[in-house]
Amino acid sequence: MTVNSSRFLADLHALRDFGRDGQGVRRRAFSDPDLAARAWLADRMAEAGLTPHFDPVGNLFGLVPGQSLLLGSHSDTQPEGGWLDGALGVIAALEVARASLEADGRAISVVSFQDEEGRFGALTGSSVWSGKLNLAAADALVATDGTQFSDARARLAARASDFVDPARFVGFLEMHIEQGPVLDQAGDTIGVVTGIVGLRQFQITVKGEQNHAGTTPMAMRRDAFVAVTRIATLLEDRLANIATPKTVWTIGHLRLEPNASSIVPGRAVFMLQWRDADAERLQRIEEAIQGVLAEVQGGTGCAITFERLRQDLAPMPMDDMMQAELAKAAKRVAPGQWRSMPSGALHDASNVAALMPVGMLFVPSINGISHAFEEDTAEDDLVIGLKVLAEAASRLAPL
């Protein structure tokens with residue numbers, strides 16, 4: 001097959017316009033821009049000769065008959081997202097499948113998974129499709145804006161059909177931006193992913209005592225926000241002897257109640273997420289976190305509880321054969337400018353790996369920036385990644 005890099009870039013920029021905000025994109029799962037983008041993608045799949053298929057949770061497949069290799073990623077974004085995160089893998093998959101059909105070549109299908117970015121929880125669409133999350137449990141998920149997943153997916157009900165049988169695919173390849181600085185700093189253009197980190201996440205609730213900010217003496221306060229800051233500070237200390245330089249933890253969402261300048265906060269709810277490539281280390285971190293929560297509860301007089309969010313995501317190695325074929329393609333297309341590397345970000349490939357052989361490749365993120373409007377990659381690097389994906393797919397897909 002011969003991929004058309006101009007057509008690929010044109011489609012990638014066209015997808016960017018759905019929810020575009022300056023350099024970035026706001027295209028949350030099941031939002032109006034997301035639904036419009038999915039309708040456009042379905043049309044592009046049909047024009048390419050693929051059969052568009054929406055499943056009950058909004059995953060969009062572009063299918064060829066019989067057994068095929070599946071390529072793709074996701075097309076939803078973070079609330080303030082970049083234009084390439086997920087979208088690159090979907091449009092690259094579309095171009096490779098289209099080029100293969102034009103050449104009467106290998107059987108390649110395409111997917112854009114839904115809600116990878118976690119409006120309702122990380123990797124929602126691929127979690128349901130892979131069987132890690134049942135549909136009834138997914139329907140009960142609620143976004144931070146109060147929207148329930150069952151109501152959100154009802155917006156696509158008129159176009160939805162049955163779930164696609166995973167047995168029709170011989171494997172899955174996902175192309176993605178790195179979302180980190182390694183390739184950019186090294187001057188490499190391709191990363192062949194060896195494995196994806198595991199993730200655990202707590203929603204932590206701190207209940208203190210709401211009171212007047214002007215008349216309540218400091219010594220008498222049970223300030224929920226003070227407890228949150230003590231938790232954050234103690235984590236740095238308690239995890240120092242457990243974490244490696246690649247271990248990360250984040251408090252990325254915090255809600256204070258009643259969130260008024262003249263009221264001592266009586267309640268705080270926040271998300272604490274941690275990631276590592278080692279399952280045993282993830283557990284040790286969890287035990288340390290629980291110790292910190294108990295210590296802060298005792299020291300502040302606030303009641304602190306936690307709830308595990310969704311299922312744990314275990315570290316997931318990539319398939320050896322998939323890695324080998326991606327490495328062969330990288331050596332030919334980008335000799336001396338590729339490396340094997342782990343992924344510090346989560347991807348739908350982590351869920352799909354429970355069903356079939358999976359491989360991933362990365363292209364550089366300029367300055368390592370992602371999940372931000374400033375996210376970008378040089379177009380030459382995008383095209384090199386496309387060519388590596390096409391060559392590996394041509395070896396792995398059935399005739």
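Residue numbers start from 1 along each chain as its sequence is written. Because the model is predicted, local features need pLDDT of at least 70 and side-chain atom pairs count only at pLDDT 80 or more, while totals for chains, interfaces and linings use all residues; side-chain values use heavy atoms, with hydrogens and water left out.

**Strand β7**

Let us begin with β7, residues 169-177. Helices (H or I, at least four residues) and strands (E, at least two) are DSSP runs, numbered from the N terminus. Eight of the nine residues of β7 are buried, so the strand is largely enclosed by the rest of the structure. Here buried means under 20% relative accessible area, exposed means over 50%, and partly exposed lies in between (1.4 Å probe, protein chains only).

**Helix α9**

Next comes α9, residues 279-300. The expected span of a helix is 1.5 Å times one less than its number of residues. For the 22 residues of α9 that gives 32 Å, and the end C-alpha atoms are 32 Å apart, which agrees.

After the helix comes Gly301, with a positive phi near 80 degrees.

The buried residues of α9 include Leu282, Ile285, Glu286 and Ile289. As a group, the buried residues of this helix pack against β9 (198-207), α8 (224-238), β13 (267-276) and β14 (303-308), contact meaning heavy atoms within 4.5 Å.

**Helix α12**

The 18 residues of α12 (residues 379-396) should span 26 Å, and the end C-alpha atoms are 26 Å apart, in agreement. This helix is mostly covered, with 13 of its 18 residues buried.

**Salt bridges**

The structure holds 27 salt bridges, each being a side-chain nitrogen of Lys or Arg within 4 Å of a carboxyl oxygen of Asp or Glu. Three of them are set out here.

| Pair | N to O distance | Location |
|---|---|---|
| Glu286 and Arg200 | 2.7 Å | helix α9 and strand β9 |
| Arg267 and Glu257 | 3.0 Å | strand β13 and strand β11 |
| Arg395 and Glu391 | 3.7 Å | helix α12 |

Glu286 and Arg200 link distant parts of the chain, 86 residues apart, and both are buried. Arg267 is partly exposed at 27% relative accessible area, and Glu257 is partly exposed at 26%. Within α12, Arg395 and Glu391 are four residues apart, about one turn of the helix. Arg395 counts as partly exposed at 47%, whereas Glu391 is buried at 13%.

Finally, Arg7, Asp11, Arg44, Glu47, Glu95, Arg98 and Glu102 are joined in a salt-bridge network.
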